[in-house]
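User: I would like to go through this model with you. Could we start with a single residue and work outwards?
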Amino acid sequence: MNEQTAGREEARRARDEARSASHRLDMLLDNIRTGPLAQLRQSREENHFAQKMRAIIRGDQ
């Protein structure tokens with residue numbers, strides 16, 4: 001294998017590695033957006049909003 005072919009192979013491997021890393025990052029971000037912690041955060045925000053609304057209705061503001 002000559003130097004030029006070795007360089008092309010190395011570039012191909014680097015592209016494949018970058019593509020794989022990009023895919024893993026996308027999966028991680030999806031998990032952050034939709035996973036259990038996101039669900040807990042949403043639930044907490046909904047509870048906070050509901051408490052605020054009850055306070056406003058009662059006139060506690």
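Analyst: We can begin with E9, which is partly exposed at a relative accessible area of 28%. Here buried means under 20% relative accessible area, exposed over 50%, and partly exposed in between, with a 1.4 Å probe and protein chains only. The model is predicted: local features need pLDDT of at least 70, side-chain atom pairs count only at pLDDT 80 or more, and totals for chains, interfaces and linings use all residues. Residues are numbered from 1 along each chain as its sequence is written, and side-chain values use heavy atoms, with hydrogens and water left out.

User: Which residue does E9 form a salt bridge with?
Analyst: The partner is R13, with the closest N and O atoms 3.9 Å apart. A salt bridge is a side-chain nitrogen of Lys or Arg within 4 Å of a carboxyl oxygen of Asp or Glu. R13 is partly exposed, with a relative accessible area of 46%.

User: Where do E9 and R13 lie?
Analyst: Both lie in helix α1, 4 residues apart, about one turn of the helix. Helices (H or I, at least four residues) and strands (E, at least two) are DSSP runs, numbered from the N terminus.

User: And how far apart are the closest N and O atoms of D16 and R19?
Analyst: They are 3.0 Å apart, in a salt bridge. D16 and R19 are separated by about one helical turn, because they are 3 residues apart in helix α1. D16 is partly exposed at 33%, whereas R19 is exposed at 54%. Salt bridges that share partners join E9, R12, R13, D16 and R19 into one network.

User: How many salt bridges does the count come to?
Analyst: The count comes to 6. Another of the pairs is R58 with D60, at 2.9 Å from N to O; R58 is exposed, with a relative accessible area of 56%.

User: Changing topic: which residues make the nonpolar surface patch?
Analyst: L25, L28, L29 and I32 make a patch of about 350 Å². Patches take residues with over 30% relative accessible area and no salt bridge; like charges are joined within 9 Å, nonpolar side chains (Val, Leu, Ile, Met, Phe, Trp, Tyr) within 5 Å. I32 is found in helix α1, residues 3-34, and is partly exposed at 47%.

User: Finally, how many helices and strands are in the chain?
Analyst: There are 2 helices and 0 strands. The radius of gyration is 25 Å, well over the 10 Å that the globule rule gives for 61 residues, so the chain is more spread out than a compact globule. That radius is taken over C-alpha atoms, and the rule is 2.2 Å times the number of residues to the power 0.38. Of the 61 residues, 5% count as buried.

Notes. Areas by Shrake-Rupley, 256 points an atom, 1.4 Å probe, with all protein chains shown as cover.
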